[in-house]
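Here are my notes on the model you sent over. Have it open while you read, and go through the points in order.

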Amino acid sequence: MERELDDILHCPCPSCGAQLQYSAEKEAMTCNHCGYTEKLTLGNDRIEELDFNRARTDTEHTVERRLFSCQRCGAKTVVNYDTPTISCGFCGSQNVNPEATKTRLFEPQGIVPFRISRNQASESFKKWIGQSIWAPNDLKNLARLDTLHGIYIPFWTYDVQTHSEWEGDAGTYYYETERVRDPNGNVRTQQVRRTRWWYRNGTYDQFFDDVLILASRQLPQQTIQGVYPFLLDQVVNYEPKVLLGWESEVYKVDPQEGFAVAKQQVDQRIESACADLLSDDTYRNLSVRTQYANQTFKHLILPLWICAYQYNGKTYQFLINGQTGSIDGKRPVSFWKVLLAVLAFLMLVFVLVTISGKKKRSNYGMTVPTMETPVVVKSTVSSLKFDVVSGMKKWVGEGSTVGG
Ligand SMILES: [Zn+2]
Ligand SMILES: [Zn+2]
């Protein structure tokens, strides 16, 4: 494969010539070789909202970039250093001599630099893994430091002015006294709630600012929402130097697709606002027609620590928000630990049943436990199983729904 080194960013150390990297700890460019540190001052005066209607033809804010695709999961990353091997941050697999392709892409308008360092991230990970009593014992060794990746994840943000016309029926409750005959043939009175419906309509105007939409397909929107929020008031001008020493994923969701997702979220918020306007005690037949204007968008990249590891042939991901340190992820559940816990519980139940059976026998001279005892025990066992299973679902279940 032909290497094109010209688009690899070089930022040599003025004191020793080694490549400088961006340090999350120092929030500065640093040299790992001689310890040189250079403060980076990043403003926010160049963060521009782009015209959404020009997105398809925009050549002013797009550049040609060299991308590497993961051979296993297809994640596309920009790598800012020359390397024969790339370990994929999303699935943990090693790619030797990854193939590079050139694509025209929107340049990020803004970035939130990493604040959480590798050491902080790995400490949080160890703590988090240790918290689960159901996690297999060998997991701690498996989640090694080299599986921890600091990756800038692509996002779109959208602004839109909306004007909505809504109509429907508002409902007001009132009560009537009714005479009813009960099963014994006696007549008595009771209060019955009824609803009076009346037509209502109106308009609703709202400006939506910075609706944040994930532009990656490697992480489901639901997964990343586990480490929300990102503090977007701290977004600074995009500066390629900040990426030195870090990976950055390239967006796969284009601006149009991202807007469709943003529009769903906006529509939901409009609908619930209109429902509030329509409703008296209740409402029905709400219909909303919305016009969208002044749509703008921008491309942001936000910091995320990802630990992707394989356990029993399944990929697990653990995430840390690189700005705030907020943690979320999935842990494998040890089959043996769960089985042992269930067996131990059943044993305990058996002992209790035997004891209470003996007590009953000594009290009443009966040879079998009464009916209540096994019934109570049964429901306790099934509720434990339910907890274990739902717990497993929470940790193991694949989240792939886009929403929220
Ligand atoms: Zn140096
Ligand atoms: Zn991969």
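1. Let's start with a term: a salt bridge is a side-chain nitrogen of Lys or Arg within 4 Å of a carboxyl oxygen of Asp or Glu. Arg194 and Glu176 meet this way through their side chains, at 2.5 Å from N to O. Arg194 sits in strand 12 and Glu176 in strand 11, 18 residues apart. Strands (E, at least two residues) and helices (H or I, at least four) are DSSP runs, numbered from the N terminus.

2. Before going on, a word on the ground rules. This is a predicted model, in which local features need pLDDT of at least 70 and side-chain atom pairs count only at pLDDT 80 or more, while totals for chains, interfaces and linings use all residues. Residues are numbered from 1 along each chain as its sequence is written, chains are lettered from A and ligands numbered from 1 in the order in which they are written, and side-chain values use heavy atoms, with hydrogens and water left out.

3. Now the overall picture. The protein chain has 6 helices and 17 strands. Of its 404 residues, 41% count as buried; buried means under 20% relative accessible area, exposed over 50%, and partly exposed in between (1.4 Å probe, protein chains only). Take the contacts (heavy atoms within 4.5 Å) with a separation of 6 or more: residues 24 or more positions apart account for 76% of them.

4. Back to salt bridges: the structure holds 11. One of them pairs Glu49 with Lys298, at 2.7 Å from N to O. Glu49 is in the loop between strand 3 and strand 4, Lys298 is in strand 15, and 249 residues separate the two. Is Lys298 buried or exposed? Lys298 counts as buried because its relative accessibility is 6%, whereas Glu49 is partly exposed at 31%.

5. Asp169 counts as buried, since its relative accessibility is 15%. Its side chain meets that of Arg284 in a salt bridge (3.1 Å, N to O).

6. Next, the inside. A nonpolar core is a set of buried Ala, Val, Leu, Ile, Met, Phe, Trp, Tyr and Cys residues joined through side-chain atoms within 4.5 Å. The largest one has 31 residues, and Met29, Phe125 and Trp305 are among those with the most contacts inside it. Strand 15 gives the most to this core, with 5 residues. A second, separate core has 30 residues, including Phe106 and Val253. In soluble globular proteins, nonpolar side chains tend to be buried together.

7. Finally, helix 5 covers residues 335-364 and contains Trp336. Why call Trp336 exposed? Because its relative accessible area is 60%.
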